[in-house]
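Hello,

Here is the structure I promised to pass on.

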Amino acid sequence: VAITGKLSVKRDDFIQELNNAGYTVGEIGKDTNFLITDSPDSGSSKNLKADKFGIVKITEAEFRQNYM
């Protein structure tokens with residue numbers, strides 16, 4: 001997964017939660033499955049890159065509800 005934007009918790013804490021749940025956090029690339037973002041419809045460079053690679057853009061709340 002990759003992360004962009006504001007989160008409900010400190011970024012380092014969320015990364016630790018993701019790692020504990022078995023996810024690897026890194027940059028956006030062809031092997032990234034999710035971009036966790038506070039604004040999935042924005043035109044930010046990370047969102048555009050996610051679109052280019054066909055990466056699912058999802059909010060933190062949606063990710064927590066469906067994948068954690």
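How many aromatic pairs does a search of the whole structure find? The search finds 4 aromatic pairs. Rings of Phe, Tyr and Trp (its six-membered ring) pair if their centres lie within 6.5 Å; planes under 30 degrees apart count as stacked, over 60 as edge-to-face and the rest as tilted.

Before the details, a word on the source. This is a predicted model, where local features need pLDDT of at least 70 and side-chain atom pairs count only at pLDDT 80 or more, while totals for chains, interfaces and linings use all residues. Residues are numbered from 1 along each chain as its sequence is written, and side-chain values use heavy atoms, with hydrogens and water left out.

**Aromatic rings**

One of the pairs is Phe34 with Phe63. Their ring centres are 5.3 Å apart. Phe34 lies in strand 2 (residues 34-37) and Phe63 in helix 3 (residues 60-67), so the pair ties together parts that are 29 residues apart in sequence. Helices (H or I, at least four residues) and strands (E, at least two) are DSSP runs, numbered from the N terminus.

Both Phe34 and Phe63 are buried. Buried means under 20% relative accessible area, exposed over 50%, and partly exposed in between (1.4 Å probe, protein chains only). Phe34 and Phe63 also belong to one aromatic cluster with Tyr23 and Tyr67.

**Salt bridges**

The whole structure has 3 salt bridges. A salt bridge here is a side-chain nitrogen of Lys or Arg within 4 Å of a carboxyl oxygen of Asp or Glu.

Glu17 bridges to Arg64, with the closest N and O atoms 2.7 Å apart. Glu17 sits in helix 1 (residues 11-20) and Arg64 in helix 3, so this pair ties together parts 47 residues apart in sequence. Glu17 is partly exposed, at 27% relative accessible area. Arg64 is partly exposed too, at 25%.

Arg64 also bridges to Glu60, the closest N and O atoms being 2.9 Å apart. Both lie in helix 3, 4 residues apart, about one turn of the helix. Glu60 is buried, at 9% relative accessibility. Shared partners join Glu17, Glu60 and Arg64 into one network of salt bridges.

Asp51 forms a salt bridge with Lys57. Their closest N and O atoms are 2.8 Å apart. Asp51 is partly exposed at 44% relative accessibility, and Lys57 is partly exposed at 24%.

Best wishes
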